[in-house]
Amino acid sequence: MLTIPVKFNRVIDVTLLVGKMSSASYQHTLVQGDTGPRVLFRLLDSNGETLNVSGYEVNFYLKRTGEEGHVNAGHEACSGYDVENGEVVYDFVSGDLNTPGTYFGDVQIDMLNGRKETGYEVVRFLVRGSNQ
């Protein structure tokens, strides 16, 4: 299981917690056609504290460089792993990683108050061709 921390900005009691914007992204190499490993996202606020996402909907939007639309359209939802400690899991399905290349992903939370927020760090995967 990959563990990838994803930071979010938060608005708490009218105080905007502004994170330090970075160009950092995470790159992991995967193999064409694989449907594993599971990806564990650890959601953090801009202070690095875990973000309790109980009751929130968390989605992962995956796009291959140079292509229109998301490769995982229709199955973006992450499942809860340890939601009180900001941990959710995304499981790849058949078709997500069919083509070698660079993929970029965003994690987005839909909050109980109807607001949406996307983590500002991009998750990056390099999908290499299969040797099978």
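Analyst: Residues are termed buried under 20% relative accessible area, exposed over 50% and partly exposed in between (1.4 Å probe, protein chains only). The model is predicted, so local features need pLDDT of at least 70 and side-chain atom pairs pLDDT 80 or more, while totals for chains, interfaces and linings use all residues. Residues are numbered from 1 along each chain as its sequence is written, and side-chain values use heavy atoms, without hydrogens or water.

User: How many residues of strand β9 are buried?
Analyst: Strand β9 (a DSSP run of E, at least two residues) spans residues 101–110. Gln108 lies in this strand and counts as buried because its relative accessibility is 15%. Asp110 is likewise buried, at 15%. Of the 10 residues in β9, the number buried is seven.

User: Which residue of β9 is the bridge partner of Lys63?
Analyst: Strands pair if DSSP finds at least two bridges between them. Strand β6 (residues 57–64) runs antiparallel to β9, joined by eight bridges. Within β9, the partner of Lys63 is Phe104.

User: Which residue in β11 stands opposite Gly105?
Analyst: Strand β11 covers residues 122–128 and is antiparallel to β9. Five bridges join these two strands. Opposite Gly105 stands Val123.

User: Which residue takes a positive phi in the hairpin of β9 and β10?
Analyst: Strand β10 (residues 116–118) is joined to β9 by three bridges in an antiparallel arrangement, with Ile109 opposite Glu117. Five residues lie between the two strands of this hairpin. The residue with a positive phi, near 90°, is Gly114.

User: With which side chain does the side chain of Gln108 make a polar contact?
Analyst: A polar contact is a pair of N or O atoms within 3.5 Å, one able to donate a hydrogen and the other to accept it; residues adjacent in sequence count only if both atoms are side-chain atoms. At 3.2 Å, the side chain of Gln108 makes such a contact with that of Thr118.

User: How many residues apart are Arg38 and Asp91?
Analyst: Arg38 forms a salt bridge with Asp91, their closest N and O atoms being 2.8 Å apart. The pair links distant parts of the chain: Arg38 is in the loop between β4 and β5, Asp91 in the loop between β8 and β9, and their separation in residues is 53.

Technical notes: Helix = DSSP H or I, 4+ residues; strand = E, 2+ residues; numbered from the N terminus. Salt bridge = Lys/Arg side-chain N within 4 Å of Asp/Glu carboxyl O.
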